[in-house]
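Let's go through a protein model together, one question at a time. Keep the picture open while you read.

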Amino acid sequence: MKSCILIFLLLGIFKDVASSSCTSAVTTATSISSPPSLTPKKRQAQPWTTSSPLLHTDTQNSQRVITKTPRGGNSKMSNFLQRAPPAILMLLLTYILVSKTGATGIIGLVLLLQVGMYNETTSIIEEYHYTINAEPRVSKLGEVVEKWWWFLTVLSGTSVKNILLGDTILKDLMVSEKLLDLITYGMGAVGLLVAVVGMASHVSAGPDMFRNYLGKVAASHFALLFLIGQSSFWIKTVQEYGILWIIYPALLVIINDTMAYVFGVLLGNHKLLPRLSPKKTVEGFVGAAFSTFAASIPLLKAMGGADLSNLKQHAVAMAVFTSIVAPFGGFLASAVKRAHGAKDFGTLIPGHGGVVDRFDCQIVTAPFVYLYLQQFL
């Protein structure tokens, strides 16, 4: 198992370092008209477009921005030096955590990831609404409490419930599953009452305010469903089926992501979904799928799954999902970022973005793995 975790580290580092070369660019701006006004202009939210990255004209300020690909390796080396240390540190910490603490460490890591992912997603939603509504960036206590109340409500019905019911000691000491469900529903009912009363009694209550508030709530609740709901299946999987079925699917996702980049660079000519992710190509998608299928069976054997009955079936099933469905988790995450004018979900990991940027495809895989194992293992 430890040797396979080392493979996990090497693949992750290769992907992070290799992809840095395709993001290197130097942007220079030259004015083609009179100098701009000295009066600062109010920042406006700009819609994301698929215009050419080589030449973009800002008609409002009559400026032309030309982006040139650098000649030489200095920019690539700079990106390498920026991205490689955080990637190595992050993966080494993961290796130490898994090897030293086992399932308990993974459960703790999942909880931390859930907090980080929810905070990142709600932050870009809030920033977008601050910008388009020209609101002061001041967090009100009531809004903060409401946001995290909904998080705790969903967490209590998913991850916390899985932890309490999955641990033998805690299961004997704690309350029943039915009572946990009732507590979760009660928290949801309280959140509903507070949200509706607060919206109706707001000083600027009206259609525009309602629309703005409901837009933020809908986006935040979608984040809870997509991020917290799905990632909670990692806890059930590690409790019932072991660490193997956490690491193995994660390795397949990394292999698929890495080979999509490699085939895209070498053979990519046809964009897959350019309005969501301009760098992803059909050739990269297909090449990554074949690579994931080719690696799935020998990888599962190497990780100690040789004694499993129907090993080939399990490996192929995981490969199908991680190569065909999981990448669309990344496309959905890209759509959320584009819709809210954000380049990344966060800045926690220098050169990489936020937690969601690193785990968007992994999250989609979590419920499938558990439900598949529940049916066929």
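What follows is a set of questions and answers about this predicted model.

Q: Which residue forms a salt bridge with Lys-147?
A: Lys-147 sits in helix H3, and its partner is in helix H2, so the pair ties together parts that are 21 residues apart in sequence. The closest N and O atoms are 3.4 Å apart, and the partner is Glu-126.

Q: Is Lys-147 buried or exposed?
A: The cut-off you need is that buried means under 20% relative accessible area. Lys-147 has 14% relative accessibility.

Q: How far apart in space are Arg-137 and Glu-126, C-alpha to C-alpha?
A: Arg-137 is in the loop between H2 and H3, and it's partly exposed at 48% relative accessible area. Along the sequence, Arg-137 and Glu-126 are eleven residues apart. In space, their C-alpha atoms are separated by 8.9 Å.

Q: What separates Asp-208 and Arg-211 in helix H7, in terms of helical turns?
A: These two form a salt bridge, with the closest N and O atoms 3.0 Å apart. Both residues are exposed. Because Asp-208 and Arg-211 are three residues apart in helix H7, the separation is about one helical turn.

Q: Which helix holds both Glu-240 and Lys-236?
A: The side chains of Glu-240 and Lys-236 meet in a salt bridge, 3.9 Å from N to O. Glu-240 is partly exposed at 44% relative accessibility, and Lys-236 is partly exposed too, at 22%. They're four residues apart, so about one helical turn separates them, and the helix is H8 (residues 233-241).

Q: Which helix gives the most residues to the lining of the second largest pocket?
A: This pocket holds about 840 Å³ of space. The elements that give two or more residues to its lining are helices H2 (74-132), H3 (141-157), H6 (177-200) and H7 (207-231). With eight residues, the top contributor is H7.

Q: How many residues of the lining of the second largest pocket are charged?
A: The lining has 31 residues, and nearest the pocket's centre lie Glu-143, Glu-146, Asn-212, Tyr-213 and Lys-216. Sorting the lining by type gives 13 nonpolar and ten polar residues. The charged ones number eight.

Q: Which helix gives the largest share of the nonpolar patch on the surface?
A: The patch is made of Phe-293, Val-316, Val-320, Ile-324 and Val-325, with about 340 Å² of accessible area together. Phe-293 lies in helix H10 (residues 282-305) and is partly exposed, at 32% relative accessible area. The largest share, four residues, comes from helix H11.

Q: Where is Asn-310, a residue with a positive phi?
A: Its phi is near 60°, a positive value in a residue other than glycine. Asn-310 is partly exposed, with a relative accessible area of 48%. Its place is the loop between H10 and H11.

Q: How far apart in space are Leu-267 and Gly-284, C-alpha to C-alpha?
A: Leu-267 is found in helix H9 (residues 244-267), and it's partly exposed at 47% relative accessible area. Leu-267 and Gly-284 are 17 residues apart in sequence. Their C-alpha atoms are separated by 7.4 Å.

Q: What distance separates the C-alpha atoms of Ala-335 and Ser-277?
A: Ala-335 is in helix H12 (residues 327-339) and counts as partly exposed at 25% relative accessibility. Ala-335 and Ser-277 are 58 residues apart along the chain.

Conventions:
Residues numbered from 1 in each chain as written. Predicted model: local features only at pLDDT ≥ 70, side-chain atom pairs only at ≥ 80, totals over all residues. Heavy atoms only, no water. Patch = residues over 30% accessible without salt bridge, like charges linked within 9 Å, V, L, I, M, F, W, Y side chains within 5 Å. Areas by Shrake-Rupley, 256 points an atom, 1.4 Å probe, with all protein chains shown as cover. Salt bridge = Lys/Arg side-chain N within 4 Å of Asp/Glu carboxyl O. Buried < 20%, exposed > 50% of the residue type's maximum accessible area, 1.4 Å probe, protein only. 1 Å grid on protein atoms, 1.4 Å probe; cavity = no way out; pocket = protein on both sides within 12 Å on 5 of 7 lines; lining within 4 Å. Points joined across faces, edges and corners; volume = space filled by probe spheres on them. Nonpolar A, V, L, I, M, F, W, Y, C, P; charged D, E, K, R; others polar.
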